[in-house]
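Work through the following exercises with the sequence and the coordinates open. Each task is followed by a solution in steps.

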Amino acid sequence: MKALSIKDIAKKAEVSITTVSFILNGKAAQMRISKAVIEKVEAIIKEMEFKPNQVARSLRTGNTKTIGLLVEDISNPFFASIARKIEDKAYKKGYKISYSSTENNPAKAKDLIEMFKSRQVDAYIIAPVPGIEDDIKLLLAENIPVVIFDRNLPDLDVNFVAVDNFNGTYMATEHLISKGKKNIAFVTVDVHVDQMDNRFLGYQKALKDHGLLFNTDLYTEIPFNNPDDNTDAQLKLMFENNPEIDAVLFSTNYLAIKGLGVLKQINKQINEDFTIISYDDHDVFRLHTPPISVVDQPIEEIAERIIDIVLHELANSNNPVNRRELSKVMLQPHFIER
């Protein structure tokens, strides 16, 4: 039998999806939904024998003990590590995590939020994509706990946990300059979201503060989800056209790993004359010879702060008096010299 969705319930009851959502979350009285509508919706769910299920549990308890987690790419080591730590911490508190990847696609992110709504998740943890601001506003309007992380949406009044990306690349660039590097390339992705833009700005500001000009020839943007061969070709072209490069700062660990592969192909040695640094650590960088220095994000603390905020919001979602002000957490990265 096909699983019943909120949309199906709303259609049969001839009410809005939002109305059904409020009823399922135990917020019908708060939203002044009539007793007749509440009874009609509950009767439809019983009539269609939707059990065992999350919705029936929601009718009894007001929650499903599930948290929705949306990230850019769950296979990315950074997001995978965050997801695992959040999952461990949530499970100890009686919650399960349901997660998906947006691939930085606003349409997909919107669809996934709707999917989580149909599953009646109790809260959302989102690495946001520009373009989903209205969807998050709707969640907040429904009094659903939301925490965004990794990148901020400055125009939204929402809980967020982020890392000072500007300072991370500033430190890395300053380190390279202190080692005598003057032609420092910057390789990033063509996705202009908050954290990626700040990584570039930190690099640019460090150059300026130390009297070095920003050279557009040493700046390379790799298209997101670029085929491997295209990425390799683009990186090779950068090295071939700019033999004066004495250091490269990669804005993500997966780009740095790609870079290591290309350097091996063109027989370019990493040594005192040529250095690379990656934003975000990875086992590859510890095992590589020579080992690769990194800007390391405090993954444990990120996960800890996120789940702390979510659980506090969940515990006080029906008690506005105990709800604290929005949490705006900015953590500092660490530079690891290897």
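**Exercise 1. The pair α6 and α7**

Determine the handedness with which α6 passes α7, and describe the packing of the two helices in this predicted model.

Solution. 
- Step 1. The crossing of α6 past α7 is left-handed.
- Step 2. Helix α6 covers residues 106-118 and helix α7 covers residues 133-141; their axes come within 10 Å and cross at roughly 20°.
- Step 3. Angles under 35 degrees count as roughly parallel, and α6 and α7 are therefore roughly parallel to each other.
- Step 4. On the α6 side, K110, I113 and K117 meet D135, L138 and L139 of α7.

**Exercise 2. The pair α1 and α3**

Find the angle at which helix α1 and helix α3 pack, and classify their orientation.

Solution. 
- Step 1. Helix α1 (residues 6-13) packs against helix α3 (residues 35-47) at an angle of about 120°, and the axes are 10 Å apart.
- Step 2. The ranges that matter here are 65 to 115 degrees for roughly perpendicular and over 145 for roughly antiparallel, with the rest counted as oblique. The helices α1 and α3 are therefore oblique to each other.
- Step 3. The crossing in which α1 passes α3 is right-handed.
- Step 4. The residues that make the contact are I9, K12 and A13 from α1, together with K40, V41, I44, I45 and E47 from α3.

**Exercise 3. A cis peptide bond**

State which residues the cis peptide bond between T289 and its partner joins, and where the proline sits.

Solution. 
- Step 1. The cis bond joins T289 and P290, with omega about -5°.
- Step 2. P290 is in the loop between α12 (283-287) and β10 (293-296).

**Exercise 4. Aromatic pairs**

Count the aromatic pairs, then classify the pairs F79 with F149 and F186 with F200.

Solution. 
- Step 1. The structure holds 13 aromatic pairs.
- Step 2. For F79 and F149, the ring centres are 6.2 Å apart and the planes make 75°. Planes over 60 degrees apart count as edge-to-face, and the pair of F79 and F149 is edge-to-face.
- Step 3. This pair links distant parts of the chain: F79 is in helix α5 (residues 77-92) and F149 in strand β4 (residues 146-149), 70 residues apart. F79 and F149 are both buried.
- Step 4. For F186 and F200, the centres are 5.9 Å apart with 55° between the planes, which makes a tilted pair.
- Step 5. F186 is in strand β6 (residues 184-189) and F200 in helix α9 (residues 194-209), 14 residues apart; this pair too links distant parts of the chain. F186 and F200 are buried.
- Step 6. Ring pairs join F186 and F200 with Y203, F214 and Y219 in a cluster.

**Exercise 5. Charges over rings**

Which rings have R199 and K268 over their faces?

Solution. 
- Step 1. R199 lies over the face of Y279, 3.8 Å from the ring centre.
- Step 2. K268 lies over the face of F274, 4.7 Å from the ring centre.

**Exercise 6. The surroundings of L207**

Describe the setting of L207 and list the residues it touches beyond four places in sequence.

Solution. 
- Step 1. L207 is in helix α9.
- Step 2. L207 is buried, its relative accessible area being 3%.
- Step 3. Not counting residues up to four places away in sequence, L207 touches T173, I177, I184, L212, L213 and F214. Of these, F214 is also in the ring cluster.

**Exercise 7. The whole chain**

Summarise the overall composition and dimensions of the protein.

Solution. 
- Step 1. The secondary structure comes to 13 helices and 12 strands.
- Step 2. The C-alpha atoms fill a box of roughly 75 × 40 × 35 Å along the principal axes.
- Step 3. Of the 338 residues, 50% count as buried.
- Step 4. Among contacts with a separation of 6 or more, 68% come from residues 24 or more positions apart.

Notes: Residues are numbered from 1 along each chain as its sequence is written. This is a predicted model: local features need pLDDT of at least 70, side-chain atom pairs count only at pLDDT 80 or more; totals for chains, interfaces and linings use all residues. Side-chain values use heavy atoms; hydrogens and water are left out. Rings of Phe, Tyr and Trp (its six-membered ring) pair if their centres lie within 6.5 Å; planes under 30 degrees apart count as stacked, over 60 as edge-to-face and the rest as tilted. Helices (H or I, at least four residues) and strands (E, at least two) are DSSP runs, numbered from the N terminus. Buried means under 20% relative accessible area, exposed over 50%, partly exposed in between (1.4 Å probe, protein chains only). A charge sits over a ring if NZ of Lys or CZ of Arg is within 6 Å of the ring centre and within 35 degrees of the ring normal. Axes are lines fitted to C-alpha atoms, for helices over the stretch in contact, and angles run from 0 to 180 degrees between N-to-C directions. A crossing is left-handed if the near helix is turned anticlockwise from the far one by less than a right angle, and right-handed if clockwise. Contact means heavy atoms within 4.5 Å.
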